[in-house]
Amino acid sequence: MKKILRIDSSPRSSRSQTRRLTQQFITQWCTKYPDTELIHRDLGHQPPTPVSEAWIAAAFAPPGQRTESMTNQLTESDALLNELIAADILVIGIPMYNFSVPASFKAWIDQVVRIGRSFLFEPEDKQQPYKPLLAEKLTFIIIATGDAGYEPGGPYFFLNQIEPYLRTVFPFIGISNLHFVYTGNDEFGGERLQQSLDAAQQKVQYLITNTIGNTIKKEV
Ligand SMILES: Cc1cc2nc3c(=O)[nH]c(=O)nc-3n(C[C@H](O)[C@H](O)[C@H](O)COP(=O)(O)O)c2cc1C
């Protein structure tokens with residue numbers, strides 16, 4: 001049985017375009033694969049704690065030298081990492097905030113990109129001092145924007161600080177099987193928004209239909 005970790009990072013609920021699409025993804029995926037196990041991490045409604053000085057001291061202390069209070073500092077990070085490690089598939093909804101990810105999603109990244117747990121730092125290895133530790137995961141990332149044209153090839157891709165960032169940080173910990181879906185025009189509403197949503201919904205359907213094992217037959 002495959003495990004999906006669904007991550008939502010919009011603070012909006014029923015008005016959220018990303019939640020609409022992550023929900024559609026889960027519904028259609030589970031229709032195709034009914035034995036899927038689901039885990040839902042709601043960063044938009046329960047944001048992770050930003051890392052602190054005490055967290056950093058704990059994370060960078062060798063595990064055998066951590067005090068009890070240091071171990072406690074890492075409880076949230078351990079829980080977030082354990083559910084990420086256990087997942088085979090990630091379905092992530094990200095609203096564009098000021099061209100980048102929302103603070104709650106960045107706080108999650110800072111909790112799960114952790115030395116000794118999701119990557120190794122071996123300075124003596126001059127060729128490759130940083131080594132990813134996580135197993136590969138089929139990852140779907142749904143991005144919603146107020147305007148449109150932020151996707152690769154679009155007129156505003158140069159402003160997009162989400163996809164280039166995620167294509168850097170996820171492979172750093174071992175997750176490079178990334179597939180993006182964009183929906184735009186939230187600020188315009190009406191037909192423009194509806195057309196964007198329709199296209200995104202079709203892409204979600206296409207990705208699910210064309211998933212074979214861990215690959216997408218032919219991405220459009
Ligand atoms: C704080 C904030 C910053 C935003 N920044 C951008 C932006 O840089 N570019 C853009 O096109 N839309 C921006 N938007 C619009 C959102 O990306 C858009 O409403 C999107 O649909 C939000 O996702 P959601 O519907 O899942 O909540 C911003 C919205 C908010 C609330």
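A polar contact is a pair of N or O atoms within 3.5 Å; within protein, one must be able to donate a hydrogen and the other to accept it, and residues adjacent in sequence count only if both atoms are side-chain atoms. This is a predicted model, in which local features need pLDDT of at least 70, side-chain atom pairs count only at pLDDT 80 or more, and totals for chains, interfaces and linings use all residues. Residues are numbered from 1 along each chain as its sequence is written, and side-chain values use heavy atoms, without hydrogens and water.

**Ligand**

| Residue | Polar atom in | Distance to a ligand oxygen atom |
|---|---|---|
| Gln17 | backbone | 2.8 Å |
| Ala144 | backbone | 3.3 Å |
| Tyr150 | side chain | 2.9 Å |

Alone, the ligand exposes 630 Å², and the protein buries 79% of that (Shrake-Rupley method, 1.4 Å probe). The ligand is surrounded by 18 residues (a heavy atom within 4 Å). Ser10, Arg12, Ser16, Thr18 and Asp186 are the closest. The shell holds six nonpolar, seven polar and five charged residues.

**Cores**

A nonpolar core is a set of buried Ala, Val, Leu, Ile, Met, Phe, Trp, Tyr and Cys residues joined through side-chain atoms within 4.5 Å. Buried means under 20% relative accessible area (1.4 Å probe, protein chains only). The largest such core has 31 residues. Leu84, Phe105, Trp108, Ile141, Leu166 and Phe170 have the most contacts inside it. A second, separate core has 18 residues, including Phe25 and Trp29.

Which residues does Phe105 touch, leaving aside neighbours within four places in sequence? Phe105 is in contact (heavy atoms within 4.5 Å) with Ile7, Ser9, Leu43, Ile92, Ile94, Leu166 and Phe170.

Key: Buried means under 20% relative accessible area, exposed over 50%, partly exposed in between (1.4 Å probe, protein chains only). Ala, Val, Leu, Ile, Met, Phe, Trp, Tyr, Cys and Pro count as nonpolar, Asp, Glu, Lys and Arg as charged, and the others, Gly among them, as polar.
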